[in-house]
Amino acid sequence: QVQLVESGGGLVQPGGSLRLSCAASGSFFSIAYMGWYRQAPGKQRELVAGMFRSGRTNYADSVKGRFTISRDNAKNTVYLQMNSLKPEDTAVYYCNADVTLVYGRADNAYWGPGTQVTVSS
C-alpha cells in the first residue's frame, strides 16, 4: 500500500507564503507523477500544479507566477512553494501521486488526506 502524508498548511495573511510538502511511503516501483489539487467549500476539486518524474510541470492559470512545484525523486517527496497568497487560495490542498506498483503494470492513483490553507487577515 502507498501512503501520502502532507504537511505545511496553516493560516497566513494575504501576500504571505507557505510551503507544502507531501511524502510518499510504501512499497512501489516508481512514481510517475506527483501533484497538488485543492478544493474550496462549495467548489470542485481542481488541479493546482503537477510534476512528472521527467521534470515537466503543469500549473493552473490562477497560480502561475506565484506557486512553484518541485520534487525530490530520491525522497519520493513533492513540494509546493506558494507565494503572494490571496484569499481565493483558501482551500484544502490534496497531494496526488500516480504510482507504478510493479514494473510494467498500469499506474494507480493515490491521494493524501489533505491540509488546510487559509489566507486571511
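Reply: Let us begin with burial, where buried means under 20% relative accessible area, exposed over 50%, and partly exposed in between (1.4 Å probe, protein chains only). Leu80 has 0% relative accessibility and therefore counts as buried. The model is predicted, so local features need pLDDT of at least 70 and side-chain atom pairs count only at pLDDT 80 or more, while totals for chains, interfaces and linings use all residues. Residues are numbered from 1 along each chain as its sequence is written, and side-chain values use heavy atoms, with hydrogens and water left out.

Me: In which strand does Leu80 lie, and which residues does Leu80 touch?

Reply: Strands (E, at least two residues) and helices (H or I, at least four) are DSSP runs, numbered from the N terminus. Leu80 belongs to strand β8, residues 77-82. Contact means heavy atoms within 4.5 Å. Not counting residues up to four places away in sequence, Leu80 touches Leu18, Arg19, Leu20, Trp36, Val48, Ala49, Phe67, Thr68, Ile69 and Tyr93. For Ala49, the C-alpha to C-alpha separation from Leu80 is 8.0 Å, across 31 residues in sequence.

Me: How many residues does the largest nonpolar core hold, and which have the most contacts inside it?

Reply: A nonpolar core is a set of buried Ala, Val, Leu, Ile, Met, Phe, Trp, Tyr and Cys residues joined through side-chain atoms within 4.5 Å. Here the largest has 31 residues, and Trp36, Leu80, Met82 and Tyr93 have the most contacts inside it. At least two residues of this core come from each of β1 (2-7), β3, β4 (30-39), β5 (46-52), β7 (67-72), β8, β9 and β11 (115-119). Strand β9 supplies the largest share, 5 residues. Leaving aside neighbours within four places in sequence, the contacts of Tyr93 include Glu6, Leu20, Trp36, Leu80, Met82 and Val117.

Me: Which cysteines form a disulfide?

Reply: A disulfide is a pair of cysteine sulfur atoms within 2.5 Å. The structure holds 1 disulfide, formed by Cys22 and Cys95 with their sulfur atoms 2.0 Å apart. This pair links distant parts of the chain, 73 residues apart: Cys22 is in strand β3 (residues 18-26) and Cys95 in strand β9 (residues 91-100). The link of Cys22 and Cys95 is left-handed, with -80 degrees about the S-S bond. Cys22 counts as buried because its relative accessibility is 0%, and Cys95 counts as buried because its relative accessibility is 0%.

Me: Is Ser21 buried or exposed? Is Asp72 buried or partly exposed?

Reply: Ser21, in strand β3, is buried because its relative accessible area is 17%. Asp72, in strand β7, is partly exposed because its relative accessible area is 24%. Not counting residues up to four places away in sequence, Asp72 touches Thr77 and Tyr79, whereas the residues that Ser21 touches include Val5, Glu6 and Trp36.

Me: What volume does the largest pocket have, and which lining residues are closest to its centre?

Reply: Rolling a probe the size of a water molecule over the atoms shows where empty space is left. On a 1 Å grid over the protein atoms alone, a pocket is an open set of points where a 1.4 Å probe fits, with protein on both sides within 12 Å along at least five of seven lines; lining residues have an atom within 4 Å of a point. Grid points are joined across faces, edges and corners, and a volume is the space filled by probe spheres set on the points. The largest pocket has a volume of about 190 Å³. Of its 13 lining residues, Arg38, Ala40, Lys43, Glu46 and Glu88 are the closest to its centre.
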